[in-house]
Amino acid sequence: MADMSGQDPSEITMATVDEERKGATFRGTVILGIDPDAGEVVFFRDFLIEDYKGELTANLATDGDITKSIDLGELDHKSPSFRLPIPLGTDTLPYNTVVLSDKKSKKKILTINL
């Protein structure tokens with residue numbers, strides 16, 4: 001996991017997740033920050049997904065609105081800690097949620113407030 005120690009802690013946006021949705025459990029920490037090697041990223045740290053059968057994608061969104069979001073790609077179910085890069089040059093100020101959606105049906109499964 002990337003070292004975020006060089007950042008002002010007040011500028012690191014994060015959320016702790018412990019939710020059950022649609023029969024699945026989601027636990028861990030989600031962080032919007034800067035990775036010295038990759039630029040702005042959304043980190044999933046110690047993020048466990050239990051009992052979810054499908055594949056999930058993540059979007060960085062404004063107020064949980066998927067139409068006002070950036071597709072970050074598919075979640076890595078195999079590793080509890082991973083990062084999803086944000087496209088270079090993106091102004092992340094308007095984004096305050098991460099939305100997890102089912103890859104196949106595109107239905108929202110979980111909204112994480114940052």
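Of the 114 residues of the chain, 41% count as buried, where buried means under 20% relative accessible area, exposed means over 50%, and partly exposed lies in between, with a 1.4 Å probe and protein chains only. The chain exposes about 6,600 Å². Carbon and sulfur atoms supply 47% of that area. Accessible areas come from the Shrake-Rupley method with a 1.4 Å probe, and for residues only the protein chains shown count as cover.

This is a predicted model, in which local features need pLDDT of at least 70, side-chain atom pairs count only at pLDDT 80 or more, and totals for chains, interfaces and linings use all residues. Residues are numbered from 1 along each chain as its sequence is written, and side-chain values use heavy atoms, with hydrogens and water left out.

Confidence comes next. The mean pLDDT of the chain is 87, pLDDT being the predictor's confidence in each residue, from 0 to 100. A value of 70 or more is reached by 89% of the residues. Residues 1–5 stay under 50. For that stretch the model has 14 contacts beyond four places in sequence, a contact being heavy atoms within 4.5 Å.

The chain has 8 strands and 0 helices. Helices (H or I, at least four residues) and strands (E, at least two) are DSSP runs, numbered from the N terminus. Read from the N terminus on, the elements run β-β-β-β-β-β-β-β. Take the contacts between residues at least 6 apart in sequence: 53% of them join residues at least 24 apart.

Start with the sheet that holds strand 1. Its 4 strands form an open sheet in the order 1-2-3-6, with antiparallel pairing. Two strands pair if DSSP finds at least two bridges between them. Strand 1 (13–21) and strand 6 (82–85) are the edge strands, each pairing on one side only. Neighbouring strands of this sheet are turned by 25° against each other on average, direction ignored. Axes here are lines fitted to C-alpha atoms, for helices over the stretch in contact, and angles run from 0 to 180 degrees between N-to-C directions.

Inside this sheet, strand 2 (residues 24–35) and strand 3 (residues 39–50) run antiparallel and are joined by 10 bridges. Val30 has Phe44 in strand 3 as its bridge partner. Thr29 is also found in strand 2. Thr29 counts as buried, at 13% relative accessibility. Beyond its neighbours within four places in sequence, Thr29 is in contact with Met14, Ala15, Thr16, Phe43, Phe44, Arg45 and Phe47. The C-alpha atoms of Thr29 and Asp18 are separated by 9.0 Å, with the two residues 11 apart along the chain.

Asp35 lies in strand 2 too. Asp35 is buried, with a relative accessible area of 1%. What does its side chain meet? A polar contact of 2.2 Å joins the side chains of Asp35 and Arg83. A polar contact is a pair of N or O atoms within 3.5 Å; within protein, one must be able to donate a hydrogen and the other to accept it, and residues adjacent in sequence count only if both atoms are side-chain atoms. A polar atom of the Asp35 side chain also lies 2.8 Å from the backbone nitrogen of Asp37.

Strand 7 deserves a stop. Strand 4 (residues 56–62) and strand 7 (residues 97–102) run antiparallel, joined by 6 bridges. Leu56 has Asp102 as its bridge partner in strand 7. Ala58 stands opposite Leu100. Strand 7 also runs antiparallel to strand 8, with 5 bridges between them. There, Thr97 has Asn113 in strand 8 as its bridge partner. The two strands form a hairpin with 5 residues between them. Lys106 in the turn has a positive phi of about 70°.

How many residues of strand 7 are buried? The count is 6 of the 6, so strand 7 is largely enclosed by the rest of the structure. Both faces are covered. Thr97, Val99 and Ser101 are buried on one side, and Val98, Leu100 and Asp102 are buried on the other.
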